[in-house]
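Open the model in your viewer and keep the selection panel at hand. The stops below go from one whole chain to single elements and then to the contact between chains.

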There are 2 protein chains.
Amino acid sequence: MIEAAAGRLSGHVRHTPLLTSPFLDEIAGRRVLVKPECLQHTGSFKFRGAWSAVSALPEAVRARGVIAYSSGNHAQGVAWAARQHGVPAVIIMPKDAPRLKIANTRALGAEVVLYDRGTESREEIGEALASARGLSLIRPYDESLVIAGQGTCGLEIAAQADDAGVHEADVLVCCGGGGLTSGIALALEARAPGLRARPVEPEGFDDTARSLAGGQILRNTGPESGLCDAIVTPQPGALTFPVMARLCGPGLVVSDDQVLHAMALAFARLKLVLEPGGAVALAAALFQPEAMEGAAVIAVASGGNVDAALFTRALERFAP
Amino acid sequence: MIEAAAGRLSGHVRHTPLLTSPFLDEIAGRRVLVKPECLQHTGSFKFRGAWSAVSALPEAVRARGVIAYSSGNHAQGVAWAARQHGVPAVIIMPKDAPRLKIANTRALGAEVVLYDRGTESREEIGEALASARGLSLIRPYDESLVIAGQGTCGLEIAAQADDAGVHEADVLVCCGGGGLTSGIALALEARAPGLRARPVEPEGFDDTARSLAGGQILRNTGPESGLCDAIVTPQPGALTFPVMARLCGPGLVVSDDQVLHAMALAFARLKLVLEPGGAVALAAALFQPEAMEGAAVIAVASGGNVDAALFTRALERFAP
């Protein structure tokens, strides 16, 4: 399915490079290779899965349109994939989502339907709209076509690591529901068995790390959101967890300060804009070197949709 | 010579992608394709020319080492190209250069020799060192091997524009001494004759635009430096000017505010960190649409070595 997705994505998805910096190598004590999915269309890897799912719909079904729930990167990925296919997209977003994100999603061609988190159910609104208009729901991670799309990032990593002479390494992946992590893990299993995917999460939202350690799906019990909002999910997915349990190494957990520091170093050393949720893997590569082995580590920088104020805060505290 | 340089650079230089954003297209009123050389090794295109020159030296000559004068991007490019070849590099820098740039150049393996701009001549210091140690001088732009190295960026643009279906467009290039502009112009002449290079400069430092308009090399007469320090040179080069006069379209000149605005939009829409001198071409593409024709424009984003404080200033004023 990943290879089929790669075929559908060819010519539409951006083939992101693999970046390095001697300054980052020195901090980590090993070679650090960064896969900057912040450079992907719509600023995150989510466009891969969205394109994979939208492009796989039968033409007559697709023509009626798609629908998604998201206040963030998945919304933009689905909106843009639908627009590029010339079909309508409805995105259900909370009324209190940042105005810029609502504006961006609209600017990418989607119809945005706002709901009140306190009094309304997005599922009810979505189901009513979907059935009235015949829209197809694009789930953010627990959907095999989406996982296959994210897996195309793993195919690229396998080929690029081989070009760079890296055949044994941990591949650190920013992890929310596990779509990107499980997709990459499956691609590496087939194409680069010496590379091992490992999920990275922020402190307080380490449901995947705990689930992997415990051998069963465990939930987060703390606050509902935090600095790394793009990758905060209540628990790993029903489809993604078994894949991660079979293929991934232990999860890693980073602090908010490590995330902000990694953002500042990506600015200074890679010339990349990363959002907090997109910087957790790089943070683990740089600041937890004792948690991995080998002469190299690969970190997926999964997104860059960050407000200027938050980015500035990271620079003020940690830019070299 | 450009093709030969491309052969020497293969496997060592980064093949940067060509990025787009529907948000930028809307501002410019046409397709905007951005070549992000800020993602090149050492954060600017200068690594291409440095590698081209260092790799072309006869082995016995190269082994004695290289020398360059620069407080900026050329210094880092030469230092890293020399280090990768395993040969010494001496960089002559002014004592009052930013400490971070001095530290970075040293960290890239170079011996930094500081001089006092008021009382010492960098040429005298350099010539004494070069002759005592047998070092080869790597000039920043008026050197055919360096121009050929920068031209490899043009070969990539020609191929990538073809892939993107763009066969007629202006290629806007951030222009200091003209090494990058003339190298790209030569590559396009051979590989993509429908694409035309045009130099872009900041207000007050428009020596190349005036020289092209006047048909002869003219100097800047104002202050010695400004916001776009990386591309401030007194006049176009003796080698680069005739090439630009033969091949380039009219020069473009942008304001400092347009540059800062382009930096903020590259942050928000491309997830790229640009320095002011690396953002002038994008600024022209976005804010001077009337100065060009056609359905697409290509802008080279030539570097990203900017301090956090200045970057923050751009975001505070212009981030969407």
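The tour below says what to select and what is there.

This is a predicted model, in which local features need pLDDT of at least 70 and side-chain atom pairs count only at pLDDT 80 or more, while totals for chains, interfaces and linings use all residues. Residues are numbered from 1 along each chain as its sequence is written, and chains are lettered from A and ligands numbered from 1 in the order in which they are written.

**Chain A, whole**

Select chain A, which has 14 helices and nine strands; helices (H or I, at least four residues) and strands (E, at least two) are DSSP runs, numbered from the N terminus. The radius of gyration of chain A, taken over C-alpha atoms, is 18 Å, close to the 20 Å of the globule rule for 320 residues, so chain A is as compact as a globular protein of that length. That rule is 2.2 Å times the number of residues to the power 0.38. The C-alpha trace of chain A spans about 55 × 40 × 40 Å along its principal axes. Of its 320 residues, 57% count as buried, meaning that 20 or more other C-beta atoms, placed from the backbone, lie within 10 Å of a residue's own.

**The sheet of chain B**

Next, select the five strands of the open sheet in chain B, with the order β1-β9-β6-β7-β8 and parallel pairing; two strands pair if DSSP finds at least two bridges between them. At the edges are β1 (31-36) and β8 (252-254) of chain B, each pairing on one side only. From one strand to the next the twist averages 25°. Zoom in on β1(B) and β9 (residues 296-301) of chain B, which pair over six bridges. There, Lys35(B) has Val300(B) of β9(B) as its bridge partner.

**Two helices of chain B**

Now select α1 (residues 2-9) and α3 (residues 46-56) of chain B: they pack at about 90°, with axes 9 Å apart. Axes are lines fitted to C-alpha atoms, for helices over the stretch in contact, and angles run from 0 to 180 degrees between N-to-C directions. α1(B) is therefore roughly perpendicular to α3(B), a label for angles of 65 to 115 degrees. Residues of the contact (C-beta atoms, placed from the backbone, within 7 Å) include Leu9(B) of α1(B) and Trp51(B) of α3(B).

**Between the chains**

Finally, show both chains: their contact takes 22 residues from chain B and 22 residues from chain A. On the chain B side, α14(B) gives the largest share, four residues.

Technical notes
Parallel < 35°, antiparallel > 145°, perpendicular 65-115°, else oblique. Contact = placed C-beta atoms within 7 Å. Buried ≥ 20, exposed ≤ 12 C-beta atoms within 10 Å, placed from the backbone.
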